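This report goes through one protein model, with attention to its charged side chains and its sheet. The structure comes first, and the text follows.

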Amino acid sequence: MFLTTRTLRILTRQCRTKDFRAPAGIHMNLASPARALHTTNSLQAKPTNPPPRENPAHRVGPRGHENVGRKRFADFDLAGRVFIVTGGAQGLGLAMAEAVVEAGGKVYCLDHAAAPSSYFHEAVSRVMPEYGGALLYRQVDVRDTAQLDALVASVASEHQRLDGVVAAAGIQQVTPAVEYTEPDVARMLAVNYTGVFMTATAAARQMFKYRTRGSICLIASMSGLVANKGLLSPVYNSSKAAVIQLARNLSMEWSPVREDDGTGGLRVNCISPGHVLTPMVRKNFEQVPGLREKWEAENMMGRLAETAEFKGAVLFLLSSASSFMTGSNLVIDGGYTAW
């Protein structure tokens, strides 16, 4: 017989009287100790996020007086710090990597190609050695979790630190929803969601190991907030929505600094670009005639973005300038989602 919680409470109270008789079909062992409903030891042992109030991230970012008047744009200075950018061979990822290098950071660009593209070589030629930064390339497929984890660990081990990561690797497929196959969906999610997730966790493990108060920037998209007019890309859009939600959850778990072992203090945020002139987007224009004109008409600025227009945003999120920012989604879309 199925009993509701309310019925069981009533029966429990009644069973304490000497004249109580259990209904037919119900056996009540009055000798057994009372136990809370729907609770097991395994449930009680499940991990939870560190309570922020008891584990405050005081050591993240500069003190209020530290940089005032001492150095120009000191809060944006990344000299001596080490970063990883996935999807860094070209496009948005490469532009963001260049921003970090300009601020003095050493950046490892990770991508699936065996050798870097001509875009990457051009970027290397623009590096100013006097700024102290460096731009390097390493081959890895973010779907290969073991290789990805080993590469991130080797970078951190070489420098005894890892200060930040930008998870920018992503792929697109323009297909009507009813024509998607299961392998199509699995392939896109393996890069756009699982690959981003595994990149973040690989970086977090090293930041915990070396006790660096790092920053993790996940590249989502305004497509995670709205449907892209004129472009049938349901899996891409939903994968980006998942990345936005992922950033919120990782920041809840990793931002506090744990009292017991000193780990944590990691900030996790998203950037959601609008329509940007990347190689992937240019391919969309080839597949869908008139799409560029439609997109240009849909935002408030009447044009599409260049990759360089996101350099300031990633520099802000990776530096001390955003030391009190975590779990946020920075939307940069020319006003597309504002109307």
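Leaving aside residues up to four places away in sequence, glutamate 98 touches Ala123 and Arg126. Glutamate 98 sits in helix 3, which covers residues 91-102. Its relative accessible area is 15%, and the cut-off for buried is under 20%, so glutamate 98 counts as buried.

The model is predicted. Its mean pLDDT is 88, and 84% of the residues reach 70 or more. In residues 30-40 the pLDDT falls below 50, and this stretch has five contacts in the model beyond near neighbours in sequence.

**Salt bridges**

Side chains of opposite charge can pair when their charged atoms come close.

| glutamate 298 | lysine 229 | 3.3 Å |

How exposed are the two partners in the pair of aspartate 163 and arginine 161? Aspartate 163 is buried, at 9% relative accessibility, whereas arginine 161 is partly exposed, at 28%.

Glutamate 298 has a relative accessibility of 17% and is buried; lysine 229, at 43%, is partly exposed.

Lysine 294 is partly exposed, with 36% relative accessibility. Through these pairings, Lys229, Lys294 and Glu298 are linked in a network of salt bridges.

In what order do the seven strands of the open sheet lie? The order is 3-2-1-4-5-6-7, and the pairing is parallel. Strand 3 and strand 7 (329-332) stand at the edges; each has a single partner strand, so one side of each is left without a neighbour in the sheet. From one strand to the next, the twist averages 20 degrees.

Strand 2 (residues 106-111) and strand 3 (residues 134-139) run parallel and are joined by six bridges. Among them, tyrosine 108 has leucine 136 in strand 3 as its bridge partner, and leucine 110 has arginine 138. In a regular strand the side chains alternate between the two faces of the sheet.

**Helices on the sheet**

What do strand 2, helix 4 and strand 3 make together? They make a right-handed β-α-β unit, in which helix 4 covers residues 118-126. Helix 4 lies across strand 2 and strand 3, and its direction is at about 155 degrees to strand 3. Helix 7 packs on the sheet as well, where it touches strand 5, strand 6 (267-273) and strand 7. The direction of helix 7 makes about 160 degrees with that of strand 6.

Definitions and conventions: Residues numbered from 1 in each chain as written. Predicted model: local features only at pLDDT ≥ 70, side-chain atom pairs only at ≥ 80, totals over all residues. Heavy atoms only, no water. pLDDT = per-residue confidence, 0-100. Contact = heavy atoms within 4.5 Å. Helix = DSSP H or I, 4+ residues; strand = E, 2+ residues; numbered from the N terminus. Buried < 20%, exposed > 50% of the residue type's maximum accessible area, 1.4 Å probe, protein only. Salt bridge = Lys/Arg side-chain N within 4 Å of Asp/Glu carboxyl O. Pairing = 2+ DSSP bridges. Right-handed = clockwise from strand over helix to strand, strands pointing away. Axes fitted to C-alpha atoms, helices over the stretch in contact; angles between N-to-C directions.
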